[in-house]
Amino acid sequence: MFYALRRKLNAFAEKLASRAQQSVSEKRDISPELRAPTKIKAFFKKEIKLREADIKDSILELELALLEADVNEETARKFCKAIKQALLNRSIPTDNLKNFVRETIKQTLKELMQTESIDIIALARESEKPFKMLFLGPNGAGKTTTMAKLAHMLQKDGLTTIFAASDTFRAASIEQLEEHAKRLNIRVIKHKYGSDPAAVAFDAVNAAKASNADIVMIDTAGRQETNRNLIEELRKIARVVNPHIKIFVGEAFAGKNLVEQAKEFDNAIGIDAFIITKLDTDAKGGTVLSLLYELKKPILFVGTGQAYTDLMPFSLDEIIERIV
Ligand SMILES: Nc1nc2c(ncn2[C@@H]2O[C@H](COP(=O)(O)OP(=O)(O)O)[C@@H](O)[C@H]2O)c(=O)[nH]1
Ligand SMILES: [Mg+2]
């Protein structure tokens with residue numbers, strides 16, 4: 001038993017190390033290549049201003065790095081423009097030029113993606129009971145799994161959850177939720193397949209009130225494409241139970257499509273925050289940057305595997321570090 005666990009841990013550590021190695025070696029070189037006039041100035045002065053020609057190649061490499069990480073084209077171009085301005089308008093210390101440029105790039109990216117932050121555990125604690133969370137997003141993104149992970153996390157904080165099986169559309173969705181619930185000792189409110197998801201959510205809220213549960217998590221169906229019926233369904237749930245927070249769950253590697261879907265959901269229903277799943281896969285995470293920039297909503301957590309404990313706080317620094 002002990003050795004099996006040790007082996008598992010070692011294998012995991014190796015996997016992490018090889019991924020870190022890979023991402024470092026795969027990074028593009030975004031160092032500036034000083035042209036003659038700037039080079040000469042740099043020789044004599046403590047600080048210099050870069051010229052467009054000095055950073056042309058770095059900016060191109062940066063744009064490629066962003067595109068390779070799945071940042072969408074338009075967003076990548078906007079990022080590069082802002083970074084170019086930041087670099088051209090600044091005095092750069094000549095003894096630390098490469099580092100300074102890299103840090104300026106990272107800092108500018110960070111500023112472009114700044115959002116408010118939400119402490120969901122504190123919110124849930126302070127809220128009137130039950131705190132109602134609506135989960136939405138495309139099919140297979142990880143909504144149901146993420147709900148289970150989050151309920152597990154909140155459980156450790158002493159908060160009790162009730163699940164609403166409001167995905168009454170996809171085959172086996174109710175059983176999947178019940179399976180998680182059984183393992184975590186959580187109550188599920190369900191109706192039959194094909195029934196009204198809003199009625200399930202309504203019942204779950206009442207059940208929570210009756211049993212003094214802290215939180216209701218409402219699972220919903222996703223379709224491959226956003227579809228009018230789905231949007232209407234979600235709107236109805238939102239109208240009937242008036243959730244405190246609407247969380248869009250999306251996969252890290254879904255790319256441009258995900259940003260478009262998130263925008264559609266946001267326009268139709270209003271999204272308050274994101275959870276991004278599958279960051280343990282090969283996805284570099286550029287989708288996250290596009291989402292943050294285009295929708296300006298906080299990312300509550302990221303999913304990093306299939307276990308209940310694979311739900312981590314989001315770190316913008318870490319994502320940027322993967323790319324530049
Ligand atoms: N590797 C990995 N797989 C995940 C993660 N989150 C969810 N999954 C898997 O993605 C698949 C779809 O998840 P599910 O919760 O059913 O998605 P839903 O259709 O949005 O409810 C399942 O096999 C999950 O185990 C994650 O962070 N990492
Ligand atoms: Mg599901």
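How far is an oxygen atom of ligand 1 from an N or O atom in the side chain of Gln-306? The distance is 2.5 Å, and the views below place this pair in its surroundings.

This is a predicted model, in which local features need pLDDT of at least 70 and side-chain atom pairs count only at pLDDT 80 or more, while totals for chains, interfaces and linings use all residues. Residues are numbered from 1 along each chain as its sequence is written, chains are lettered from A and ligands numbered from 1 in the order in which they are written, and side-chain values use heavy atoms, with hydrogens and water left out.

**View 1. Surroundings of ligand 1.** Around ligand 1 there are 18 residues, of which Gly-140, Lys-143, Thr-145, Asp-280 and Gln-306 come nearest (a residue counts when one of its heavy atoms lies within 4 Å). A nitrogen atom of the ligand is 2.8 Å from a polar side-chain atom of Asp-280, and a nitrogen atom of ligand 1 lies 3.4 Å from a polar backbone atom of Gly-305; polar contacts here are pairs of N or O atoms within 3.5 Å. On its own, ligand 1 has 580 Å² of accessible area, and the protein covers 83% of it (Shrake-Rupley method, 1.4 Å probe).

**View 2. The open sheet of eight strands.** The strand order is S5-S4-S6-S3-S7-S8-S9-S10, with mixed pairing; strands are DSSP runs of E with at least two residues, helices are runs of H or I with at least four, and two strands pair if DSSP finds at least two bridges between them. Because S5 (187-189) and S10 (311-313) each have a single partner strand, one side of each is left without a neighbour in the sheet. Neighbouring strands are turned by 25 degrees against each other on average, direction ignored. Strands S3 (residues 131-136) and S7 (residues 245-251) run parallel and are joined by four bridges, with Leu-136 opposite Phe-248 in S7.

View 3. Helix H12 (residues 286-295) lies across S7, S8 (273-277) and S9 (299-303), running at about 170 degrees to S8.

View 4. Lys-129 and Pro-130 are joined by a cis peptide bond, with omega about -10 degrees, and Pro-130 is placed in the loop between helix H6 (120-126) and S3.

How values were computed
Axes are lines fitted to C-alpha atoms, for helices over the stretch in contact, and angles run from 0 to 180 degrees between N-to-C directions. Contact means heavy atoms within 4.5 Å. A polar contact is a pair of N or O atoms within 3.5 Å; within protein, one must be able to donate a hydrogen and the other to accept it, and residues adjacent in sequence count only if both atoms are side-chain atoms.
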